[in-house]
Amino acid sequence: MFTLLDENGKTDTKEFTETQEYFVNMGPQHPSTHGVLRLLLTLDGEIIRRVEPHIGYIHRSIEKMCEKDSYQQVVHLTDRMDYLSCHINNEAVCLCVEKGLQLEIPERVKYIRTIISELTRIASHQLWWGVMGMDLGAITSFLYGFRDREMITDIFEETCGARLTMNYNVPGGVMFDIHPNFRKRTKDFISHFKKKLPEYDELLTGNVIFEERTKGIGYLSKEDAISFGVTGPSARASGFACDIRKKIPYSAYDKVDFKEIVFTEGDSYTRYKARIAEMWESMHIIEQLIDNIPEGEFKAKTKAVIKLPPGEYYQRVETARGELGVFIISDNKKSPYRVKFRSPGFSNLFALDTMAKGCKIADLVAMMSTLDLVIPDIDR
Amino acid sequence: MIKSIIKYFSEIFRGVKSLLTGMKITGYYFTHPKEIITQQYPENRETLKMFDRFRGEVVLIHDENNEHKCTGCSACEIACPNGTIEIISDKAIDPETGKPKKVIDKFVYHLSMCTFCNLCIIACPTDAIKMAQTFEHSVFDRTKLTKVLNKPGSKIMAGIKE
Ligand code: SF4
Ligand code: SF4
């Protein structure tokens, strides 16, 4: 507290407290950042003035490692980027290599890839839903999300051989044919999850505490979403229709009928709703494909050593978090000259500053949850 | 005034109702233990069976005569993205032709470096290796994770060519 003198040299009776902005490090070992992400927060009391993400704590130089690997080996590295969408990452690399080779891949492969991609998307959103509840203090949702995800990981384990980092795609197709139980298990899962997904709504969506903490908070306008390059459900909740599955269909997405989920409110609650709606759409896509998987080869013939013709190739896919771009430059060797990944998490993270200005710290945690960040995807 | 009182109570009512909706579900599972899918590991070790394609570790298949199919061609070593496999080969005299022939001396597998990508298995021309379904890999000393996969005294099956 200060005592001031007024113009006449007499003591002013007014006393005031001087306040000052200060910094807080959130992370890199903070549980709610879901990995090693460090946020440098500039705070005024409890109000956030600035969020500065510092990344690089889990950088493994995947892009550089790709330059020494063969194209088959590049695929398995992408498992370790956004591990919750690993099948979709693998698919992106394979599609890019197939584009370079101008390889016609069998219809069966396209169907299998699409079904497993959508299962991956559901599994990723289930995990996100559980973690989102946990970030807001509800452990229950975490356990319920994992309960239903378990059925999908079983499907993966039986057909692909692993639960998370499956490496099921190879350039030209998939590694093995689907397991005889695959269709039955997938159908079982769909009918099970159709009953269980309304439970998610009852547990979280309609809950007052949850609504109070997410509605109207973390607003991201459509213009900001576009200028930051935000993609995926986070951008579609702000009214930016950017679904690659719809805009530039790949694999079997041109054969299925599904809605692109677009909302306009742009707050945390809407981003939450967008993902729940996406789970319904994904189930709808799987239902259309599961009975119509065409017979045929599960892999097109490729040479043992793949060499792409010299040139530049780019492939975009829609992962559970947004748009993943794979850019390969080839100089006709058995390894790529340069590989660049445009990962969705990186662009989504940097919109956080705009969204969080003026909010409280506790809201920041909820906001980060609705962006669904996966840190290894940001750092690579 | 009246309006704000009504609003106040209706909000309380809405809050309590939404909490009860959630509690109904947790209560349902509390009273229906059959729906719980938790497995009691490690108590269920005997009955726990992994799927056939599950990738636990790479093993070299030996038959009952202690013979394997590995020719020492190193295709798996080349296919492996992270140097997990080392084939140390040796020369031996082929009993049929009398000419020297490449055989494996040691098939070294560093489990700690393996990413379980399955690329080695699909690269092997003679299907000599496969993925085993074991998953309890923890040991106290990491040198124990470097394994020699060919059993002592084992040799290549007759008739397997590169
Ligand atoms: S599974 Fe992959 S990482 Fe492991 S030994 Fe085989 S090729 Fe190497
Ligand atoms: S590829 Fe098969 S045969 Fe060749 S060294 Fe490896 S295990 Fe042996």
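**Note on aromatic contacts in the predicted model**

1. The count comes to 17 aromatic pairs over all chains. Rings of Phe, Tyr and Trp (its six-membered ring) pair if their centres lie within 6.5 Å; planes under 30 degrees apart are stacked, over 60 edge-to-face, the rest tilted. This is a predicted model: local features need pLDDT of at least 70, side-chain atom pairs count only at pLDDT 80 or more, and totals for chains, interfaces and linings use all residues. Side-chain values use heavy atoms, without hydrogens and water.

2. A:Trp129 and A:Tyr200 are stacked, at 3.9 Å centre to centre and 15° between the planes. A:Trp129 belongs to helix H4 (residues 107–135) of chain A and A:Tyr200 to helix H6 (residues 182–205), 71 residues apart. Helices are DSSP runs (H or I, at least four residues), as are strands (E, at least two), numbered from the N terminus. Both A:Trp129 and A:Tyr200 are buried. Buried means under 20% relative accessible area, exposed over 50%, partly exposed in between (1.4 Å probe, protein chains only).

3. In chain B, B:Tyr41 and B:Phe135 make a tilted pair: 6.1 Å centre to centre, 45° between the planes. B:Tyr41 lies in the loop between helix H1 (2–31) and strand E1 (57–60), and B:Phe135 in the loop between strand E5 (129–132) and strand E6 (146–148), so the pair ties together parts 94 residues apart in sequence. B:Tyr41 is partly exposed at 38% relative accessibility. B:Phe135 is also partly exposed, at 33%.

4. A:Trp128, A:Phe210, A:Tyr269 and A:Tyr272 form one aromatic cluster. The charged end of A:Arg275 sits over the ring of A:Trp128, 5.2 Å from its centre. The criterion is NZ of Lys or CZ of Arg within 6 Å of the ring centre and within 35 degrees of the ring normal.

Note on methods: Residues are numbered from 1 along each chain as its sequence is written. Chains are lettered from A and ligands numbered from 1 in the order in which they are written.
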